[in-house]
Amino acid sequence: MTAGKRWIPETLFDDLGFRITYAVERVLYEMQTEHQHLVLFEHGFFGKVLMLDGATQVTSKDEFIYHEMMTHVPILAHGNAREVLIVGGGDCGIAEEVLKHKTVRRLTQVEIDASVVEFSKEHFPEFTGPVLSDRRFDLVIDDGMNYVTKTDRRFDVIIVDSTDPQGPGKVLFSERFYRACRRCMNAGGVMVTQNGVPILQSDELVTGIRKFRKLFADGACYVAAIPTYVGGHMAMGWASDNPKLRALAVATIAGRYKRAGSFPTKYWTPEVHVAAFALPRFIADKVARASKRSR
Ligand code: SAM
């Protein structure tokens with residue numbers, strides 16, 4: 001079955017002496033872009049797998065979990081999101097979910113690497129097709145750090161769909177970046193970030209929330225289990241000035257979902273939305289630790 005196949009490892013956790021490796025059916029695209037190493041391959045079970053600098057970004061099999069939870073949670077918690085910003089998100093999977101909300105007036109996406117968008121047009125048409133044909137979508141090729149520092153646009157929801165804190169993605173985990181995001185948020189705004197897998201990337205979560213709490217009245221996270229982001233729960237960082245936004249009732253979220261068009265989902269539901277903020281004890285303890293040093 002796998003004899004003679006090329007195996008591609010995820011090397012994100014080499015410092016922990018831990019790798020997962022995929023038996024490759026076919027490499028569809030591989031290049032060293034100006035910013036990072038990019039490989040897209042076919043896997044027998046997970047379908048298309050995109051890796052950037054040795055870190056799994058998206059797989060056909062389970063992309064819906066991360067894409068739904070990184071979009072519907074902040075947008076429906078906000079309740080009146082008109083202007084949305086995505087930083088990163090080159091495969092356009094997040095953009096596709098945002099644009100399902102007919103209440104969203106404009107979606108700006110700032111992606112540093114045009115190659116990721118270009119090849120996604122061919123290999124992830126299920127994302128790029130509906131997105132690139134939607135007149136509300138505005139793609140900017142730039143470093144997200146530059147953009148949030150200079151833009152005069154203001155946003156209700158900011159989604160940081162970045163790579164991990166290595167290479168070009170590193171700056172997207174800095175206090176300087178979060179401060180600049182805060183600068184271009186409207187009152188009542190919400191920011192969510194890709195904050196890694198707490199059991200393997202503990203510091204990423206604690207330092208991220210600590211930075212949020214320096215800049216916003218409320219810094220926290222919510223969780224979802226995404227099989228190919230190995231290590232159990234993945235934490236999505238959460239920053240806003242209204243703690244109530246992450247403690248809304250199922251009925252409130254369900255009502256907003258109805259108004260947004262009750263589009264089909266495969267993971268997110270109003271109940272899952274609310275439950276995602278109920279943290280396993282070891283993650284809640286990490287979040288509590290984040291506030292100790294910031295006083
Ligand atoms: N869902 C994936 C995850 O959780 O790891 C992330 C998906 S998406 C492919 C990540 C995107 O972030 C990539 O397209 C990468 O080029 C982009 N990116 C990395 N650093 C960036 C920066 N400084 N500014 C804008 N985009 C950046």
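Guide: Welcome! In this predicted model, partly exposed means a relative accessible area between the buried limit of under 20% and the exposed limit of over 50%.

Visitor: Why is Lys5 called partly exposed?

Guide: Lys5 has a relative accessible area of 24%, and a residue is buried under 20% and exposed over 50%, so Lys5 counts as partly exposed.

Visitor: What makes Glu25 and Lys5 a salt bridge?

Guide: The closest N and O atoms of Glu25 and Lys5 are 3.1 Å apart. The cut-off is within 4 Å, so the pair qualifies as a salt bridge. Glu25 sits in strand E2 and Lys5 in the segment before strand E1, 20 residues apart.

Visitor: Why is Lys214 called exposed?

Guide: The relative accessible area of Lys214 is 53%. Exposed means over 50%, so Lys214 is exposed.

Visitor: What makes Arg182 and Asp241 a link between parts of the chain?

Guide: Arg182 forms a salt bridge with Asp241, with the closest N and O atoms 2.4 Å apart. Arg182 is in helix H7 and Asp241 is in the loop between strand E12 and helix H9, so the pair ties together parts 59 residues apart in sequence.

Note on methods
Residues numbered from 1 in each chain as written. Predicted model: local features only at pLDDT ≥ 70, side-chain atom pairs only at ≥ 80, totals over all residues. Heavy atoms only, no water. Salt bridge = Lys/Arg side-chain N within 4 Å of Asp/Glu carboxyl O. Helix = DSSP H or I, 4+ residues; strand = E, 2+ residues; numbered from the N terminus. Buried < 20%, exposed > 50% of the residue type's maximum accessible area, 1.4 Å probe, protein only.
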